[in-house]
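Colleague: I would like to learn how to read a model of this kind, going from ligand surroundings to single residues. Could you take me through it step by step?

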Amino acid sequence: MNREAGAVSLLGLPRDELEEWFVSRGEAAFRARQLMRWLYHRGELEPRRMTDMTLSLRESLGRTAGLVLPNVLRHERSADGTRKWLLDAGGGQVIETVFIPERARGSLCVSSQVGCAVNCPFCATGQMGFNRNLSAAEIVAQVLVARREIGAGERAITNIVFMGMGEPLANFREVVRAASVFVDHLGLGLSRRRVTLSTSGITPRIRKLAAVSRVALALSLHAPDDELRNFLVPLNKRYPLGPLLDACWNYARETESREITFEYVMLDGVNDQPHQARALAKLLRDRPAKLNLIPYNRVEGAPFKCSPRDVIDRFRQVLLDAGIMTITRKTRGDDIDAACGQLRGTVLNGRSVPAGMSARA
Ligand code: SAH
Ligand code: SF4
């Protein structure tokens with residue numbers, strides 16, 4: 001199909017922007033609702049088949065709408081049913097999307113950036129450095145590709161988490177746009193509690209988010225004090241714990257969220273000691289907080305080990321005794337490097353190529 005130069009992608013546009021787009025082209029605003037139903041309810045991206053549109057509109061959409069999904073470069077399936085897709089982001093770059101089927105739900109873990117600039121020393125994505133932000137179209141496209149690949153007969157996508165590659169709040173505008181499509185009933189129609197944004201903690205953006213979105217918030221805490229957090233999440237030097245936690249409590253209040261989820265990766269001998277559990281309990285006690293302990297997934301070249309099971313259990317008990325809802329997250333998909341913190345393309349000269357493909361090509 002021949003597209004006009006500068007064709008915008010209508011994929012991933014929130015409903016109000018889509019309406020504006022149609023109106024600016026002399027079309028009725030309700031065309032936006034029709035288009036969204038085709039894209040997100042019926043999974044139809046070919047304008048020629050959008051039979052409730054006029055013929056001339058279908059033709060003009062075909063030229064201008066840019067409705068294409070990225071190619072799947074590789075597909076892997078873990079022994080536990082977790083699936084990972086490597087998608088072509090153009091220019092030699094790849095992004096990863098992971099589907100985690102569970103008994104009562106299916107979570108899709110989407111990427112928001114190619115790489116990440118925050119550089120947490122335990123994370124594979126951090127090691128690859130930052131390449132670029134993804135557009136809302138590229139974020140929403142991950143869901144459409146996964147939905148197509150999963151097909152019928154498997155557990156559907158019931159939850160979407162921004163826990164793939166990237167720091168979502170560093171790509172604020174596009175992430176908020178994509179999230180609005182996820183929760184719109186003409187989009188993917190998920191309840192706002194089933195869309196979770198996980199952040200390493202850009203305090204002013206958490207405040208800003210409360211004004212424009214009401215999705216569930218997860219904070220990657222990983223340490224109970226500034227000194228250790230400065231090391232584990234380098235962004236902490238700019239956005240220290242006190243004001244960061246205040247922004248979280250404020251988010252819970254303003255968005256009427258039941259709680260904020262705190263993620264805490266268990267690193268042997270680094271952040272897993274009883275006094276650290278007690279300090280953590282002090283930070284979260286009597287707050288709208290729930291804690292997820294994440295067993296550390298090995299990353300090549302990173303100097304960390306996962307805490308032993310009994311240490312994790314004792315750590316958890318201290319938090320439970322303080323009345324804090326605490327669970328230990330199950331590791332999923334680690335045999336295909338799809339577990340938390342294991343997502344990366346192989347990086348060469350600042351360009352990413354999917355692992356296993358020739359780096360010289
Ligand atoms: N950049 C965002 C979201 C993506 S990471 C963030 O940091 O919140 C999702 C979660 O996995 C984060 O809590 C992250 O700290 C954690 N994580 C990163 N590397 C990990 C590893 N190797 N093992 C376990 N969890 C890891
Ligand atoms: Fe970036 Fe999150 Fe990895 Fe830190 S843990 S480097 S913020 S993706």
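Modeller: What follows is a walk through a predicted model, feature by feature.

Colleague: Let us start with the ligands; which residues are around ligand 2, and how do I read such a shell by class?

Modeller: The general idea is to list the residues and then to sort them by class. Around ligand 2 these are Cys116, Val118, Asn119, Cys120, Cys123, Gly126, Gly166 and Ser200, and by class the shell has four nonpolar and four polar residues, with no charged ones. The space that ligand 2 takes is the largest cavity.

Colleague: How many residues surround ligand 1, and which backbone atoms lie by its nitrogen atoms?

Modeller: Here one reads the list of residues and then the polar atom pairs. Ligand 1 is surrounded by 21 residues, of which Gly166, Ser198, Ser220, His222 and Asn297 are the closest. A backbone N or O atom of Gly166 is 2.8 Å from a nitrogen atom of ligand 1, a polar backbone atom of Asn297 is 2.9 Å from a nitrogen atom of the ligand, and for a polar backbone atom of Phe122 the distance to a ligand nitrogen is 3.2 Å.

Colleague: Where is Asn171, and why does it count as buried?

Modeller: One places the residue first, and then turns to its accessibility and its partners. Asn171 is in the loop between strand E7 (159-162) and helix H6 (172-183), and it counts as buried because its relative accessibility is 3%. Its side chain reaches the backbone oxygen of Leu134 at 2.8 Å, and, leaving aside residues up to four places away in sequence, Asn171 touches Ser112, Gln113, Asn133, Leu134 and Ile139.

Colleague: Finally, against which helices do the buried residues of H3 pack?

Modeller: For a helix, one takes the buried residues and asks what they pack against. In helix H3 (residues 55-64) the buried residues are Leu57, Arg58, Ser60, Leu61, Gly62 and Thr64, and they pack against helix H1 (15-24) and helix H2 (30-41). Just after H3, Gly66 has a positive phi of about 60°.

Terms used: Residues are numbered from 1 along each chain as its sequence is written. Chains are lettered from A and ligands numbered from 1 in the order in which they are written. This is a predicted model: local features need pLDDT of at least 70, side-chain atom pairs count only at pLDDT 80 or more; totals for chains, interfaces and linings use all residues. Side-chain values use heavy atoms; hydrogens and water are left out. Helices (H or I, at least four residues) and strands (E, at least two) are DSSP runs, numbered from the N terminus. Buried means under 20% relative accessible area, exposed over 50%, partly exposed in between (1.4 Å probe, protein chains only). A polar contact is a pair of N or O atoms within 3.5 Å; within protein, one must be able to donate a hydrogen and the other to accept it, and residues adjacent in sequence count only if both atoms are side-chain atoms. Contact means heavy atoms within 4.5 Å. A residue is near a molecule or strand if one of its heavy atoms lies within 4 Å of it. On a 1 Å grid over the protein atoms alone, a cavity is a set of points where a 1.4 Å probe fits but cannot get out, and a pocket is an open set with protein on both sides within 12 Å along at least five of seven lines; lining residues have an atom within 4 Å of a point. A molecule sits in a cavity or pocket if more than half of its atoms lie within 2 Å of its grid points. Ala, Val, Leu, Ile, Met, Phe, Trp, Tyr, Cys and Pro count as nonpolar, Asp, Glu, Lys and Arg as charged, and the others, Gly among them, as polar.
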